[in-house]
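Work through the exercises below with the sequence and the 3D view open. Each task is followed by a stepwise solution.

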Amino acid sequence: MTAIKAMTDPPGSAPVRDVPRREVAGAWFLLLGYTTLLVGMVWDGQWHGDVGPDNFWTAPHLLLYTGTGIIGLTCLTVVLLSTWARGPATSTPSVTVFRTFRAPWPFLVGGLGASGNLLYAGSDLWWHELYGFDIAAGTTPSHFGLGLSIQVEIIAMVMAFAVLRRTRSERWGLALAIGVATIGSTSAFGMVSELIFDWLPGVAPRVLGLGAVGALTLSLIVGLTRGWHWPAAAGLTFLGVQGALALFAPAATRWYADAIGQPMRDYAAGMPQVLIGFPVTFPLIALAAGGVVAWAVRRGVGPLRITAAVGVIAGINTAIFYNVLGVEMNLLVTLLAVSAVGAGMGWLGWQCAAMLRRFGMTGATRTVTA
Amino acid sequence: MAVGAAVTVLLTVLLTAAGPAVAAAPPLPGEIVHTETVRMSDQSTMTVSFTKWPIRALQSLDFTFEPAGGIEGRTGLVTTVSPSGDRRGLQGIVLERRGDSIVLPRHPRARQVWGLDVVSLPEEGTWRFEFAVEGRGGTSTGVLPIRAIEQPGPPLALSWTVALTPWAPVAVLVAVGWGRTRRIRKSAPPAWSG
């Protein structure tokens, strides 16, 4: 009960920073845009597995582009409104672009990510016209660029909520952003780790990448919120997002295939791919992370050691999950490697959180009384 | 009468010719552009059809596999050995496997035959498709060498360079930014409060 109270109580008389409404609304629109994009991406993956034939204008692709469009237009709108705004400048660290446009960092990053996404989507169209639509042949240059651009959009969304964190709903927004970011980051982290760690004998490179994702997102929210509730809340939002996508993607794939007269493949069993895209055990790890933080706060154990430990736990969870699923690996070697990567990502998450907290502290504050 | 007899003979010939053609109508009409016949160990045959020919490395196509006598009551296996010797050369997102072999599914648009749709041979050179067909009379095996010629488009190294180049300045900017914010990160107390 105390926990629920702590998460739901209004902030009382704590000082509340002034953040322009355009940035608050912008953060929620970034979340909407990225969630739309993620739904399209997961649906597209399910489509490639269960049905196969593809073109640039399929419904999953359209959702993907719509999500990117929402992110791009949101960033453009916030930058223009910030540029034309009267009164005190925004407290969010900003950059002046082309000596004219005032761009708060999260929306500059998001705009660049969306632009990159659209450019790489164009090159992806060319790629598929030339080579066809077999996406099992390995990572393509255009998919690599798309994955990294989308990762930049994810970073922007998390930055936008990291700056807020003033009210209950904004903190839930951060927890939700962390939940969708955890699932969505699998693409870029998986591709990059395959590129970097392919030479390591006995190690499944993708497992290292996904272990890094869990370690980074969990330690980030631990560092941003510095309490046990919100890592646990991020586990809850992850559970909701993964569950909803697991229900949606196979059903939507079957419906869409019927609608456009495409037969399902012989071996399409309707198995939700998103359930193996990232460990379903992650919410338990998020809960464990919350427990470790609660213990550390009570015992006065330093946070750097704790975020590294959280990273190690997230990494080990990933290796064991994929080992049980039958992914080829030397378990001992992979556990050692993923623990090292997880600890490093835990440290990185804390460092990024320290910077992002500073982001939200630079501006003027006002005090509200509940 | 002679004309009538001639017409009858002509019709008979045409119908006789058309009969087997209908029965052996190739799958994916209008899409198959090339067919190969594999002699199996039990002296039967396997017809392998392609929607693109010649096959270019990395370019997607559909394959169909049709053993003489049909697929009913049989299980088809194919091991795709790449030119570099990888016995799991042909990848698939959710293909069912038995060891290194792919358990052949029915082709989604031609369910009377086995098939693989939207797949590519990722490596240039000569591939070996090793077939096994299991049925009531035992297992027959056969091998089909398939040549994948040069991939279309620019060399892969060039495509990768073009795709990765925009990220080089991003990596530099992130590294510089990380260095410049060191003071901020160091000044943040490593504590749960604050």
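**Exercise 1.** At what angle do helix H8 and helix H9 of chain A pack, and how far apart are their axes?

Solution. The model is predicted: local features need pLDDT of at least 70, side-chain atom pairs count only at pLDDT 80 or more, and totals for chains, interfaces and linings use all residues. Residues are numbered from 1 along each chain as its sequence is written, and chains are lettered from A and ligands numbered from 1 in the order in which they are written.

Step 1. Locate H8 (residues 205-225) and H9 (residues 229-259) in chain A. Helices here are DSSP runs (H or I, at least four residues) and strands likewise (E, at least two), numbered from the N terminus.

Step 2. Helix H8(A) and helix H9(A) pack at about 140 degrees, with axes 8 Å apart. Axes are lines fitted to C-alpha atoms, for helices over the stretch in contact, and angles run from 0 to 180 degrees between N-to-C directions.

Step 3. H8(A) and H9(A) are therefore oblique to each other. Angles under 35 degrees are roughly parallel, over 145 roughly antiparallel, 65 to 115 roughly perpendicular, and the rest oblique.

**Exercise 2.** Which residues of H8(A) and H9(A) meet?

Solution. Leu218(A), Ile221(A), Val222(A) and Thr225(A) in H8(A) meet Trp230(A), Pro231(A) and Ala234(A) in H9(A). Contact requires C-beta atoms, placed from the backbone, within 7 Å.

**Exercise 3.** How many residues does each chain give to the contact between chain A and chain B?

Solution. Step 1. Chain B gives 31 residues and chain A gives 31 residues.

Step 2. On the chain B side, strand E9 (110-119), helix H2 (156-164) and helix H4 (182-187) each give two or more residues.

**Exercise 4.** How many helices and strands does chain B have?

Solution. Chain B has four helices and eleven strands.

Technical notes. Two residues are in contact if their C-beta atoms, placed from the backbone, lie within 7 Å.
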